[in-house]
Amino acid sequence: RMGSATMTVREVLYMYSIAREAYERFISVGDNLEQAQNAVALLVWLDQGTISAIHHVPGLETSAVAIVAEEANAVLECLRYPVPMLPPIPFISTLCMQGGVYIEPGFFAFHQDLVVRGVAHFLDGAGKLVFNDRLNVLLKRYETGLVGNPPELMAPYSPLPVLVPEDCRSMFITFSKDMHLHREEIFDYFREKWGDCVVRVLMEKTTGGNMPMYGRIIFKTEAVVKLVLNGERLVKISIDHREMWMRKYIPRPTNV
């Protein structure tokens, strides 16, 4: 893991070269970019101590890579359900067992906040380099002697996540008629499941006792938005049997 000494961008890319290979393999079997990134981040988070499923991915046959991607995405999708009924993950479990560790699917259900925090930490940090196509092309050119020491690769890497504008880490939410939710219920839902990940919840301003029909959730990091959607444009979450639809927040264009 990261030491106290400052690492360069190139060193971080070398450190996570297996993650990059796994990412490219997931894309090759049809995962969209966001699903592939989330799946890699989940396996990187799992890659602690003797558990090392991700190191097997680059050498797997195509059909096996597709199964690992499918299992990883099934875990990530279940994280947003009110009561996560996690599907069996026999293939990932088998890969982990080669390191002498058996992973129970229930592990992810009991430790949702840890999973989300760990996966988001990678997506907001080293993942931004690992999934950057331009940097990886530059690295290949450097390795083959086509370019010297590119300044971008020699730049120091800061593991602290860069704070992005609120619009980039917000989600637009809508409610079904007579199925409205209170601000506190939405805030508590995410806090209880995923820990301290919400900055605030904004609701439509209404008059005459009408209930709000839409709102906006501002998360602490952009990665949480990616984990909620997991490659989908629109997702439905049920809170106390009331449905809430969520999509990425797109700010209205301002007239210049």
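Let's start with the salt bridges: this predicted model holds 12 of them. One joins glutamate 222 to lysine 128, with 3.5 Å between the closest N and O atoms. These two partners come from distant parts of the chain, 94 residues apart: glutamate 222 belongs to helix 12 (residues 222-229), and lysine 128 to helix 8 (residues 127-130). Lysine 128 is partly exposed, with a relative accessible area of 36%.

Now look for arginine 134 and glutamate 152, whose side chains meet in a salt bridge at 2.5 Å, N to O. Because arginine 134 lies in helix 9 (residues 133-143) and glutamate 152 in helix 10 (residues 151-154), the pair ties together parts that are 18 residues apart in sequence. Glutamate 152 is partly exposed, at a relative accessible area of 37%. Salt bridges can also form a network, and here one links Arg20, Glu24 and Asp133.

Arginine 216 deserves a visit of its own. Its side chain meets that of aspartate 167 in a salt bridge of 2.8 Å, N to O. Arginine 216 sits in strand 5 (residues 214-219), while aspartate 167 is in the loop between strand 2 (156-157) and strand 3 (170-175), so this pair ties together parts 49 residues apart in sequence. Is arginine 216 buried or exposed? With 14% relative accessibility, arginine 216 counts as buried because the cut-off is under 20%.

In one of them, the rings of phenylalanine 122 and phenylalanine 131 have centres 6.0 Å apart and planes at 85°, so the pair is edge-to-face. Phenylalanine 122 counts as buried at 5% relative accessibility, and phenylalanine 131 counts as buried at 10%. Together with Tyr16 and Tyr23, Phe122 and Phe131 form one aromatic cluster.

Our last stop is lysine 193, in helix 11 (residues 183-194).

How values were computed:
Residues are numbered from 1 along each chain as its sequence is written. This is a predicted model: local features need pLDDT of at least 70, side-chain atom pairs count only at pLDDT 80 or more; totals for chains, interfaces and linings use all residues. Side-chain values use heavy atoms; hydrogens and water are left out. Helices (H or I, at least four residues) and strands (E, at least two) are DSSP runs, numbered from the N terminus. Rings of Phe, Tyr and Trp (its six-membered ring) pair if their centres lie within 6.5 Å; planes under 30 degrees apart count as stacked, over 60 as edge-to-face and the rest as tilted. Buried means under 20% relative accessible area, exposed over 50%, partly exposed in between (1.4 Å probe, protein chains only). A salt bridge is a side-chain nitrogen of Lys or Arg within 4 Å of a carboxyl oxygen of Asp or Glu.
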